[in-house]
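Colleague: I am new to this structure and would be grateful for a guided discussion of it. May I put my questions to you one at a time?

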Amino acid sequence: MHGIAHQPSMFDLVDEPTLGQLEDRVQRTTLTRGAWVDHLPAWVDGSESILETLLGDIGWRAERREMYEREVDVPRLLRWYDVGEELPHPLLTEARERLTAYYAEELREPFVTTGMCLYRDGRDSVAWHGDTTGRSSSQDTLVAIVSFGSPRPLMLRPRGGGGDTLRFPLGHGDLVVMGGSCQRTWEHAIPKTAKKVGPRVSVQFRPVGVS
């Protein structure tokens, strides 16, 4: 796949990307039925070089899936890094290790896999769902997401209805972590938008057996 063109921004002024502090900065929102969400804006500082790497030829693939008795294009590009597979930028490996250490008491195991989604523009999206393939269908777990590129909102709502829909704005270098029963009892989505937006890459860290 050819790289996705994007316009230079204020982030080009920072040379080397760095991770900020997690302690005393992460803000937790307690949800219902044992679910919670942590949010930390601008955890990655100077993240433009990471975005440039991720928009390059790192093995992005397009998929088609069955929906309503017909096969349709998945409205985003995907890349999966399995256990032990080298990530395309060293700061992503550092981020995964830092998150494993920070959430050690709650997670009790490391983040080991990394999934990535490329939202090329406002037409790309992900429908309401929970990450319930594997152990997360029956066990509490954590999924940590670091966002790079144009801001898009992460929406959350209780599974089955009966509650308010929450909105977490995810911008360049922002971190969000869904924990507890969140994957089983809540759903999340990135909706389409008619606004003119540039590409965004979502980097998702998971423990083994969660997808």
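Colleague: Which residues of the largest nonpolar core touch the most other members?

Modeller: Please bear in mind that this is a predicted model. Its largest nonpolar core has 34 residues. The members that touch the most others are Trp-43, Leu-54, Leu-99, Phe-148, Leu-175 and Phe-205.

Colleague: Which element gives the largest share of this core?

Modeller: Elements that give two or more residues to this core include helix 1 (48-54), strand 8 (113-119), strand 10 (143-149) and strand 15 (200-206). Helix 2 (90-102) is also one of these elements. The largest share, four residues, comes from helix 2.

Colleague: With which residues is Leu-54 in contact, leaving aside its neighbours within four places in sequence?

Modeller: Leu-54 is among the core residues that touch the most other members. In general, nonpolar side chains in soluble globular proteins tend to be buried together. Leaving aside the neighbours within four places in sequence, the contacts of Leu-54 are Trp-60, Pro-88, Leu-92, Met-116, Phe-148, Val-201 and Val-203.

Colleague: How many residues are in the other core that lies apart from it?

Modeller: The core discussed so far has 34 residues. Apart from it lies another core, whose members include Leu-31, Leu-78, Tyr-119 and Cys-182. The number of residues in that other core is 19.

Colleague: In what order do the strands of the seven-stranded open sheet stand?

Modeller: The pairing in this sheet is antiparallel. Strand 2 (27-30) and strand 7 (77-81) stand at the edges with a single partner strand each, so one side of each has no neighbour in the sheet. The twist from one strand to the next averages 20°. The order is 2-3-13-10-15-8-7.

Colleague: At about what angle does helix 2 run to strand 15?

Modeller: Helix 2 lies across strand 8, strand 10, strand 13 and strand 15. Strand 15 itself pairs with strand 10 over six bridges and with strand 8 over seven bridges. The angle between helix 2 and strand 15 is about 45°.

Colleague: Which residue in strand 15 is the bridge partner of Cys-117?

Modeller: Strand 8 also pairs with strand 7 over five antiparallel bridges, and Leu-77 there stands opposite Leu-118. Strand 8 and strand 15 pair in the antiparallel sense over seven bridges. The bridge partner of Cys-117 in strand 15 is Ser-202.

Colleague: Why is the pair of Trp-36 and Tyr-103 stacked?

Modeller: The pair links distant parts of the chain, with Trp-36 in strand 3 and Tyr-103 in the loop between helix 2 and helix 3 (104-107), 67 residues apart. The ring centres are 6.2 Å apart. Planes under 30 degrees apart count as stacked. The pair is stacked because its planes stand at 15°.

Colleague: Is Tyr-102 partly exposed or buried?

Modeller: Tyr-102 forms an edge-to-face aromatic pair with Tyr-103, at 4.8 Å centre to centre and 85° between the planes. Tyr-103 is buried, with a relative accessible area of 0%. Buried means under 20%. The relative accessible area of Tyr-102 is 29%, and Tyr-102 is therefore partly exposed.

Colleague: Which strands stand at the edges of the open sheet of four strands?

Modeller: This sheet has the order 9-14-11-12, with antiparallel pairing. Five bridges join strand 11 (residues 152-158) to strand 12, where the bridge partner of Arg-152 is Leu-170. Each edge strand has a single partner, so one side of each is left without a neighbour in the sheet; these are strand 9 (126-129) and strand 12 (166-170).

How values were computed
Residues are numbered from 1 along each chain as its sequence is written. This is a predicted model: local features need pLDDT of at least 70, side-chain atom pairs count only at pLDDT 80 or more; totals for chains, interfaces and linings use all residues. Side-chain values use heavy atoms; hydrogens and water are left out. A nonpolar core is a set of buried Ala, Val, Leu, Ile, Met, Phe, Trp, Tyr and Cys residues joined through side-chain atoms within 4.5 Å. Buried means under 20% relative accessible area, exposed over 50%, partly exposed in between (1.4 Å probe, protein chains only). Contact means heavy atoms within 4.5 Å. Rings of Phe, Tyr and Trp (its six-membered ring) pair if their centres lie within 6.5 Å; planes under 30 degrees apart count as stacked, over 60 as edge-to-face and the rest as tilted. Two strands pair if DSSP finds at least two bridges between them. Axes are lines fitted to C-alpha atoms, for helices over the stretch in contact, and angles run from 0 to 180 degrees between N-to-C directions.
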